[in-house]
Structure formats: structure tokens, C-alpha cells
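Welcome! Keep the sequence and the 3D view side by side as you go.

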Amino acid sequence: MAKAKSSTEGKLRHLNAILRAIRNVNQLIVSENNPSLLIKRSCKLLIENDGFKNAWIVLYDEKGDFVEAAQAGVGKKFSLLKKRLKEGKKEKCLADAIVSDGVVQIADPLKTCPECPLHDFDDGRSGASMRLQYDERLYGVLSVSVHHDYIGDPDEIELLKEVADDLAYALHNLDL
């Protein structure tokens, strides 16, 4: 019984951290008019309260070519990912998120994504990615690292969808 209570309290703390991050990202969206700064600061906000362990956003142009990327919590390995993106390569989470209407979850990155430079970044973590799309325009992909206990959690999935939709809408408005 004590473990169940502890697990429930941990989940509530985790979801509250994500909610705070979304609130902070939404406050940023209202004031930031530079797409580069928007994605960079959004990544920082998403990990600030320990809702996610790392976050990264990749942006594409209308043709689907890589434009830029930002991260928080990933560190130096992210430069390897950016290099691959500049070469036109798309990691599994990115490719899957681009064609999916929902959140793409990778429970075991070590097995699923052996070529990705980030696959072994955070043992005990799972990945979740969602495209940033408004109407028919794909702007990019948001990826986060979550503790494996939360992968597949419907509340977390809905919150990730919410922040991805908010960011896509903001990118759309900046595009206008």
C-alpha cells in the first residue's frame, strides 16, 4: 500500500511539473517573436521543473529540410545529432513522429534506436516525440526524455500533445 501511495504521489509531482512547464512555455509563446529563441527557451522550460529530463526540438522548412534545432539537458551529444540532420538523416523518432498523428513513444531507445547519437543518453529513460504541425504545415518535431515508468501514461501523452500543439501554433503565427 505504501508503494502505491508513493507511486501515485510521484506521478502527481511529475504531472504537476509538466503542467508548470506548459504554463511557462505558453507565457513564453505570448512574448517571444523569434523562432530560434522560442524553441531554445521552450526546451529549457520543459526540463526546468524536472518534468522531463531532456527536451529537443528540430525545425524543418516547407520542403521538409532541416533548418535548426535546440536542446536542453542533452549536452554535447546533441551536436552529433545536428550533424546527422544537416546530412539529411532523420532518426527513427523524428521519422515516425512526422508521419504519426499522435505521440511516438520509444520505451527502450537502446534497442530501438542503436544508430541515434542520443540513444544511450539517459539509461532508464524512454523517449516521446510529436510533430509540430499546424493545419497542413509541418514545422518540426518535439522530443522529450521521460522516466520509463511514465511512458504510455495517458495524462502525460495529453500534456505532450498540448505543448506540441501550442508550439506549432506559435510557429505558425511567427511564420505569418
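**Exercise 1.** Decide whether D50 is buried, partly exposed or exposed.

Solution. Start with the cut-offs: buried is under 20% relative accessible area, exposed is over 50%, and partly exposed is in between, using a 1.4 Å probe and protein chains only. The relative accessible area of D50 is 43%, so D50 is partly exposed. Next, find its place: D50 sits in the loop between α2 and β1. Finally, look at the backbone, where D50 has a phi near 70°, a positive value in a residue other than glycine.

Before going on, note that this is a predicted model, in which local features need pLDDT of at least 70 and side-chain atom pairs count only at pLDDT 80 or more, while totals for chains, interfaces and linings use all residues. Residues are numbered from 1 along each chain as its sequence is written, and side-chain values use heavy atoms, with hydrogens and water left out.

**Exercise 2.** Which residues of the largest nonpolar core touch the most other members?

Solution. A nonpolar core is a set of buried Ala, Val, Leu, Ile, Met, Phe, Trp, Tyr and Cys residues joined through side-chain atoms within 4.5 Å. The largest one has 35 residues, and L132, L142 and L167 touch the most other members. Elements giving two or more residues to this core include α1 (2-31), β1 (54-60) and β5 (137-147). The most comes from α6, with nine residues. Now take L132 by itself, with contact meaning heavy atoms within 4.5 Å. Leaving aside neighbours within four places in sequence, the contacts of L132 include I57, V141, A164 and L171. Apart from this core lies another of 16 residues, among them V74, L85, A97 and L138.

**Exercise 3.** What classes of residue line the largest cavity?

Solution. First find the lining, which includes V103, A128, Y150, D153 and L160. Then sort by class: the lining has seven nonpolar, two polar and two charged residues. Here Ala, Val, Leu, Ile, Met, Phe, Trp, Tyr, Cys and Pro count as nonpolar, Asp, Glu, Lys and Arg as charged, and the others, Gly among them, as polar. Last, trace the source: helix α6 (residues 154-175) supplies the largest share of this lining, three residues. A cavity is a set of points on a 1 Å grid over the protein atoms alone where a 1.4 Å probe fits but cannot get out, and lining residues have an atom within 4 Å of a point.

Conventions:
1 Å grid on protein atoms, 1.4 Å probe; cavity = no way out; pocket = protein on both sides within 12 Å on 5 of 7 lines; lining within 4 Å. Helix = DSSP H or I, 4+ residues; strand = E, 2+ residues; numbered from the N terminus.
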